[in-house]
Amino acid sequence: MGEPAPVTAEPVDTGRNADLPADRFLDREVGWLRFNQRVLELAEDADTPLLERARYLSIFAGNLDEFFMVRVAGLKRRLATGVAVTSATRHHPDELLRRISDVSRELMLRQARCLHDSVAPALAEAGIRLVRWEDLDADERERMRVLFHGSIYPLLTPFAVDPAHPFPYISGRSLNLAVTVRDPQTGRTMFARVKMPAAMTRFVDLGGDRFVPTEDVVAVHLPVLFEGMEVLEHHAFRVTRNADLELDEDETDDLVQSLENELRRRRFGPLVRLEVEETISEDVLDILRRELGAEEREIYRVPGPLNLAGLDQIADLPRPDLRFSPVVPAEPDALAQEGFFDAVGSGELLVHHPYESFTTTTERFLALAAADPRVVAIKQTLYRTSGDSPIVESLIDAARAGKEVVVLVEIKARFDEHNNILWARKLEEAGCHVVYGVVGLKTHCKLALVVREDDDGTVRRYCHVGTGNYNPGTARVYEDFGLFSAAPEVGEDLSDLFNHLTGFSRKSEYRRLLVAPSGLRSGLMQRIAQEMSAHARGEPARIRIKVNSLVDEEIVDALYEASRAGVPVDLWVRGSCVLRPGLEGLSETIRVRSILGRFLEHSRIFVFENGGRPQVWMGSADLMPRNLDRRVEALVRIDDPAQRARLVELMDLAMADATASWRMEPDGDWHRVVRGDTGKRLLELQSALRGDRRMRAVDV
């Protein structure tokens with residue numbers, strides 16, 4: 001993947017960190033690609049259940065699509081608009097784009113090798129075959145002919161290219177055939193494009209667990225589309241386009257309408273990647289290159305089939321013997337013994353999804369609130385959720401029952417904008433007060449506030465602060481924590497924050513919350529500094545952090561300073577990390593680990609040793625400039641000693657040498673450690689959590 005330049009003694013010219021090495025940061029984009037490489041390594045692991053390996057290949061492809069649509073598109077836009085500022089790594093965007101191209105090309109070829117040389121043969125041994133047209137028998141070909149004429153042909157529209165027909169627009173992420181045909185009467189050769197129908201599955205089911213790519217079925221029937229013409233050649237290709245949205249919220253009177261207009265324009269964003277099968281002819285590739293305006297580094301030649309994100313269709317096959325064993329989430333003991341509001345009223349409840357049920361905790365909390373005649377108001381933030389979410393239905397039921405319901409909907413949640421607009425309007429129609437976030441910020445915090453008159457006549461606030469979205473679908477595969485609390489100071493904090501979000505307020509200080517953008521960055525910096533001071537006094541000092549991404553330079557420099565002061569720093573980072581651990585004189589006390597598996601590690605946890613009295617926070621914020629400065633985020637302090645101990649134990653277990661993980665090297669490379677010195681497999685964290693006495697697992 002290429003080695004970054006070694007750390008030198010050259011100092012940064014100005015600023016409070018002038019004595020730190022100049023090239024102490026890794027490239028964020030390359031760091032993200034290394035994260036996706038770790039996903040690919042799960043697909044390459046023969047110990048992973050076979051259909052899950054296919055799913056990881058699908059996830060890898062989908063991740064890479066979004067990376068190009070957003071991160072690569074952003075770099076290209078900076079170049080095009082003349083704001084190509086050299087990054088903190090001293091890499092010009094043009095240089096970084098070249099590096100991204102090299103690394104991405106290597107990973108895409110590696111993905112193809114994994115499919116063709118490992119996963120597909122293993123699937124075949126298990127009776128599941130991915131075949132090409134030439135592998136079909138006569139009966140299968142006849143059935144495909146009937147299918148084509150009855151179901152596929154009516155959906156196809158060939159677009160010819162000639163003086164009367166300009167090159168057609170190629171929409172982002174669509175799969176297409178580039179076709180050349182010759183008119184036998186005139187001898188003239190012409191080019192055409194055929195788009196694979198969006199309504200079709202990625203693979204056509206031949207029956208008997210045999211599948212053929214849709215484009216193979218279309219390709220062999222091209223003479224039907226170009227009757228009277230001689231089909232000379234055909235090649236699959238795929239375009240990825242810029243899908244980032246640009247909104248000037250200060251210049252629009254209707255944010256929703258402006259966003260809808262931008263969503264329509266998203267399909268027509270500039271090209272950022274052209275994928276072609278490696279067998280494509282130079283003549284056809286030249287046409288695509290010229291008409292699409294693709295630079296050489298934007299062209300990726302890979303073995304077919306393209307669009308391996310479609311392998312999720314194979315991964316969903318009903319073959320439990322080839323998949324992870326199912327998990328039946330546990331219900332917290334406290335909820336089994338008494339009513340929900342009584343349980344939360346008597347003590348805070350910390351739940352860990354998906355090991356503990358989202359349905360019987362978070363969904364149930366809001367369903368009970370909607371139905372309870374003593375509940376007078378519900379306030380909720382929604383960043384991403386499913387359109388048929390029981391949570392949305394509960395909010396609608398509550399509004400129809402006459403309760404005050406306020407919902408902060410973040411309609412700018414990337415790639416969920418359209419869905420969010422649809423169900424936001426559904427909430428409005430039911431009588432909910434819908435607020436579309438704060439101008440200039442995304443509302444990313446995960447909060448719910450229920451106001452209830454208890455049996456004794458006291459009005460009490462019941463709160464939920466989470467690390468994950470209120471999405472029942474992702475809650476089954478995303479690892480997250482949620483805190484239920486009726487503590488007065490938490491209720492007061494959430495009331496203050498909701499009032500800030502729906503009205504006009506400059507509140508920045510809270511009781512048990514750290515809130516971005518007003519106080520989260522400064523709060524974390526203060527606590528890092530406190531650990532340095534504690535270490536200098538000879539008191540216990542340590543920093544443990546679990547996040548999805550660590551790319552904020554100010555936070556990274558603070559962690560470097562803490563390490564140079566001698567404070568041990570443990571970082572559990574799922575995705576991109578620009579910090580370089582283990583460098584002499586800079587980060588000798590810092591360890592960085594990553595854990596990927598059947599569940600997506602999504603929670604954010606911050607533990608500060610605090611002189612032997614650990615202070616523990618959890619919430620929605622990653623350590624990125626956007627989260628700290630351009631989003632509304634919230635961390636809540638965990639005060640219950642047993643709950644603090646539970647989170648500290650989790651952090652220590654993840655960082656233990658006896659636990660399998662990816663471990664980051666000073667140069668930014670990661671290596672996977674799954675076996676100890678004796679060859680015995682190390683503990684798998686997620687499996688260990690499934691086996692916890694609080695959890696229930698069903699193996700089949």
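Buried, as used in this tour, means under 20% relative accessible area, with exposed over 50% and partly exposed in between (1.4 Å probe, protein chains only). The model on screen is predicted, so that local features need pLDDT of at least 70 and side-chain atom pairs count only at pLDDT 80 or more, while totals for chains, interfaces and linings use all residues. Residues are numbered from 1 along each chain as its sequence is written, and side-chain values use heavy atoms, with hydrogens and water left out.

Start with strand E27, residues 661-664, where strands (E, at least two residues) and helices (H or I, at least four) are DSSP runs numbered from the N terminus. Ser 661 and Arg 663 point one way from E27, Trp 662 and Met 664 point the other way, and all are buried.

Strand E22 (residues 590-594) pairs with E27 in the antiparallel sense over 2 bridges, and Arg 593 stands opposite Arg 663. Strand E28 (residues 670-673) is also antiparallel to E27, here over 4 bridges, with Arg 672 opposite Trp 662. E27 and E28 form a hairpin with 5 residues between them, and Gly 668 in the turn has a positive phi of about 95°.

Now select residues 641-655, which make up helix H19; its 15 residues reach 21 Å from the first C-alpha to the last, close to the 21 Å expected at 1.5 Å a residue, the expected span being 1.5 Å times one less than the number of residues. Among the buried residues of H19 are Gln 643, Arg 646, Leu 650 and Met 651.

E1 runs parallel to E6 (residues 210-213), joined by 2 bridges, and Leu 130 has Phe 211 as its bridge partner.

Of its 114 residues, Val 194, Leu 550, Leu 559, Leu 571 and Leu 579 touch the most other members. Helix H2 (residues 50-80) contributes the largest share of this core, 12 residues. A second, separate core of 42 residues includes Leu 350, Val 465, Val 515 and Val 636.

Key:
Pairing = 2+ DSSP bridges. Core = buried A, V, L, I, M, F, W, Y, C linked by side-chain atoms within 4.5 Å.
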